[in-house]
Amino acid sequence: MEKVSYILIVDYGSQLTQLIARRIREQGVFSRVISCNLLKGQGTTFVGQKDDLLKGVVLSGGPESVGGQNSHSFDEQLFDLDVPILGICFGMQIIAEVHGGKVEFGTNREFGRSIVRAHGKSMLLGEIQDFKNDAGHGLLNVWMSHGDSVTKLPPQFKVIASSADCAIAGIADEKKHVYGLQFHPEASHTTQGKKILERFCKSICKCPSSWTMKEFSRNKIAEIKKLVGEDKVLLGLSGGVDSSVVAKLLDMAIGQQLMCIFVDTGMLRKNEANQVMKTFENSFSGIVRKVDAREVFFRKLKGVIDPEEKRKIIGALFVEIFERESEKFTDVTWLAQGTIYPDIIESAGTESAGAAKKIKSHHNVGGLPDKLALKLLEPIKALFKDEVRQLGLELGLRKDLVNRHPFPGPGLGIRVIGEVTSAKVAILQKADEILLELLKTQIIGKEDVSKGLAMEDNIGKSWYEATAQAFCVFLPLKTVGVKGDDRSYDWVIAIRIVNSTDFMTANAARLPFELIELISSEIINKVNDVSRVVLDISNKPPATIEWE
């Protein structure tokens, strides 16, 4: 652990736990996540003998009900640490239960956006607001996600927030600096969430801003050197942001001990295989080798429709190829991956396994065999996408490479819905190329800002730069169309364009209709066997960004 002041986050299995850590780290405050399962019977030993660097504790949300059969117990010795405590959602409910309040299942359920009123000028929420009602009360736009509610206030606590559907949306024992919020300040939909967490960390916990990406990179390079020693490391290089940052980090840490294997699966973006080799082949101290595995990937995926099975097949093939390639080198004992935390969260691969609910497998974390011949090295697995970009810039990678839109490890294999074939992938590659090229060449103007489609600081940028992720999806559907004077019966392409900072939540991007119409027209006119283009306007949650 870093030798800096920090906030401890106790994870009760929430999908947003690391997002809490992310929001705290944005403020330059180091945060450490620990599974609630490690607290049971441990007293205060989980932070060592009265750790003076610990400045506060945050209790996360979670999928269980307080008092339910599978509910996690709360270690009351946390209060003996004599530091401020903030409970979020389930964390607030468990604080209320421990202190003599009452929590009821299914009372005033709320999922999604809500408005809460701050009460009593608390230290946590005082003077923080989005707007005021007619009575002059401060109101906050927040994100709610709860089926249970606190229905009886614990003794010594006061209500500091309420909503139309939740009379007790925030509680506080100001003397002991114990707080609870039913809403999620870590979610981007809670517009003042950053200020609330900053108030807790800096004003209430008195935690200084002493953690930076520069310090993270310096410490991570030293950690890799110590961990790896004289061993060689095999990295699966995809050319995407995550694996590129890992490659640069490893190159700076171990130099010629790094062996990069780029696997051409046949499911990359158009011309990407050549671009990756051109970018990386002569820029690292170690070896960069290309493996043409297109035939085996398509053969293994033949007839496979289930997305989970596709992911696992792709993941297993990657590992199989890496292990085989590693035998061509001497002393390779490590397999490095560009796994980041959203991958782990959605695969329920956290330290709190058994508490978090699995959403889907990722090839980095869901396709590994039980017995791996190589030891696993995942140096950026605690970071979110925007933090990975910050790290890349800190390490000196090119801005255009660092700011490239994310591309999933399984590639177009999970953007072809249903069975994956080389013919379908070729269609998707052409459609995706058209989409990305138009987004890169169309520039945001003042009129887009006036229509509420973009922020003022995006004027002069391309729509590609102003959006977080954009891609096409091949749908296993055929529809009737008319091309020239002939009837056509061809495939459907969906386009997905989102805005996000952390990729844990995302909103469908609002683009000018003329641009959307141009994208549709260009794809239909220039890609054979496509007769229709549809637009996905789903937000995350409830949808995920990728379709599979």
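The following conversation goes through some features of this predicted model.

Colleague: Which residues have the most contacts inside the largest nonpolar core?

Modeller: The largest nonpolar core of the model has 121 residues, and its largest share, nine residues, comes from helix α13, which covers residues 422–441. Apart from this core lies another one of 32 residues, including A21, L86, I128 and F200. Within the core of 121 residues, the ones with the most contacts are L439 and I523.

Colleague: Are the rings of F474 and W491 stacked, edge-to-face or tilted?

Modeller: A search of the whole structure finds six aromatic pairs. For F474 and W491 the ring centres are 5.0 Å apart and the planes stand at 50°. Planes under 30 degrees apart would count as stacked and those over 60 as edge-to-face, so the pair of F474 and W491 is tilted.

Colleague: Is F471 buried or exposed?

Modeller: F471 is found in strand β18, and, leaving aside neighbours within four places in sequence, F471 is in contact with residues including R415, L435, I495 and I545. Its relative accessibility is 0%, and since buried means under 20% relative accessible area, F471 counts as buried.

Colleague: Which are the edge strands of the open sheet of five strands?

Modeller: The strands of this open sheet follow the order β15-β14-β13-β16-β17, with parallel pairing, and neighbouring strands are turned by 30° against each other on average, direction ignored. The edge strands each pair on one side only, and they are β15 (287–292) and β17 (375–377).

Colleague: What angle does the direction of helix α5 make with that of β13?

Modeller: Strand β13 is joined to strand β16 by four bridges, the two running parallel, and L235 has A336 in β16 as its bridge partner. Helix α5, residues 241–254, packs on the sheet and touches β13, β14, β16 and β17. The direction of helix α5 makes with that of β13 an angle of about 165°.

Key
Residues numbered from 1 in each chain as written. Predicted model: local features only at pLDDT ≥ 70, side-chain atom pairs only at ≥ 80, totals over all residues. Heavy atoms only, no water. Core = buried A, V, L, I, M, F, W, Y, C linked by side-chain atoms within 4.5 Å. Buried < 20%, exposed > 50% of the residue type's maximum accessible area, 1.4 Å probe, protein only. Phe/Tyr/Trp six-rings, centres within 6.5 Å; stacked < 30°, edge-to-face > 60°. Contact = heavy atoms within 4.5 Å. Pairing = 2+ DSSP bridges. Axes fitted to C-alpha atoms, helices over the stretch in contact; angles between N-to-C directions.
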